[in-house]
Amino acid sequence: MATAKKVALYLVVIFVLWTIIATPKRAAGLVQIGFEGISSAAQSVGEFMTQLVS
């Protein structure tokens, strides 16, 4: 089972590197979308905590 996890991790890393090298503009767009999602989630948690405290 541990070997399968290592192989899957290597495949993911290779895919990410290939995507960055083959289509850097698309990769940059995907990273931007990811960070926007994280930012939105953090903002929502902050608003929830503010409402919880009030």
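Helices (H or I, at least four residues) and strands (E, at least two) are DSSP runs, numbered from the N terminus. The model described here is predicted: local features need pLDDT of at least 70, side-chain atom pairs count only at pLDDT 80 or more, and totals for chains, interfaces and linings use all residues. Residues are numbered from 1 along each chain as its sequence is written, and side-chain values use heavy atoms, without hydrogens and water.

The chain has 2 helices and 0 strands. Its C-alpha atoms fill a box of roughly 50 × 35 × 5 Å along the principal axes. Buried residues (under 20% relative accessible area, with exposed over 50% and partly exposed in between; 1.4 Å probe, protein chains only) make up 4% of the 54 residues.

Helix H1 spans residues 2-22 and contains valine 12. Valine 12 counts as partly exposed because its relative accessibility is 48%.

The whole structure holds 1 aromatic pair. Rings of Phe, Tyr and Trp (its six-membered ring) pair if their centres lie within 6.5 Å; planes under 30 degrees apart count as stacked, over 60 as edge-to-face and the rest as tilted. The ring centres of phenylalanine 15 and tryptophan 18 lie 6.3 Å apart with the planes at 35°, so this pair is tilted. Phenylalanine 15 and tryptophan 18 are 3 residues apart in helix H1, and therefore about one helical turn separates them. Both phenylalanine 15 and tryptophan 18 are exposed.
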